[in-house]
Amino acid sequence: MMYPDEYLDYERWANKRRNDPTLFFDACKAAQWTPPETEGESEAVSGEAATKKLAKANPQRGRSKKSTTNSVAHYMSLLSFERPRWLDSIIYGSTVTAAGVSAGKLNVRPDTVIAAMHLKTISTAAIQTAMISERTAQTVAKAARHAIHGVACHLDRYPATRAKLDLELSYELGR
């Protein structure tokens, strides 16, 4: 339960963050970020460790890694800044539908889904960090794919909204 003072503090922080001019550039940076590759590992690897490394590099079992191109990534910087109601509804619905609910709580935070929607390619490897486990990253990716489809369908149904976003995006890129 959030107390009124905490809620007001949160609202002040959220409004300040939404009006921050660097938010657009932060979103662009996040969309272009790719996980770093490990380099400079020791050359002297034992035979067993080399076999394990080769097995990880060339998995022969299981499903192939799923990677989806995000068709609305270029709109997400504007949409996450404005946060229209329809976007919140789509993200909440996608989180509930794709990720699920346990004991009355969402299994994945909607903010994580929004952050994943900024990526140009949705994959578990791109979402996974030190704080997010592989299974959680898979669930976030599933919810993000679901939300991306919802946003794309909304923009198809309402071409005026898409035209407005295109105009704002061209203005932002033309600066």
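A nonpolar core is a set of buried Ala, Val, Leu, Ile, Met, Phe, Trp, Tyr and Cys residues joined through side-chain atoms within 4.5 Å; buried means under 20% relative accessible area, exposed over 50%, and partly exposed in between, with a 1.4 Å probe and protein chains only. The model shown is predicted: local features need pLDDT of at least 70 and side-chain atom pairs count only at pLDDT 80 or more, while totals for chains, interfaces and linings use all residues. Residues are numbered from 1 along each chain as its sequence is written, and side-chain values use heavy atoms, with hydrogens and water left out.

**View A. The largest nonpolar core.** This core has 33 residues, of which Leu79, Val113, Met117, Ile127 and Val151 touch the most other members. At least two residues each come from helix 4, helix 5, helix 6 (110–117), helix 7 (124–127), helix 8 (134–157) and helix 9 (159–174); helices (H or I, at least four residues) and strands (E, at least two) are DSSP runs numbered from the N terminus. Helix 8 gives the most to this core, 10 residues. Setting aside neighbours within four places in sequence, Val113 is in contact (heavy atoms within 4.5 Å) with Ile91, Thr95, Val108, Val140, Ala143, Ala144 and Ala147.

**View B. Helix 4 and the residue after it.** Helix 4 (residues 73–82) is largely enclosed by the rest of the structure, because seven of its 10 residues are buried. The buried residues in helix 4 are Ala73, Tyr75, Met76, Ser77, Leu78, Leu79 and Ser80. Just after helix 4, Arg83 has a positive phi of about 50 degrees.

**View C. Ser94 in helix 5.** Ser94 is placed in helix 5 (residues 85–99) and is buried, with a relative accessible area of 3%. A polar atom of the Ser94 side chain lies 2.8 Å from the backbone oxygen of Ile90. Apart from neighbours within four places in sequence, Ser94 is in contact with Ala99, Ala143, His146 and Ala147.

**View D. Salt bridges.** The structure holds three salt bridges, each a side-chain nitrogen of Lys or Arg within 4 Å of a carboxyl oxygen of Asp or Glu. Between Asp88 and Arg83, the closest N and O atoms are 2.8 Å apart; Asp88 is partly exposed at 31% relative accessible area, and Arg83 is partly exposed at 28%. Arg109 and Asp111 are joined by a salt bridge of 3.4 Å, N to O. Arg162 pairs with Asp156 in a salt bridge, with the closest N and O atoms 2.9 Å apart.

Methods: Polar contact = N/O pair within 3.5 Å; in protein donor to acceptor, adjacent residues only side chain to side chain.
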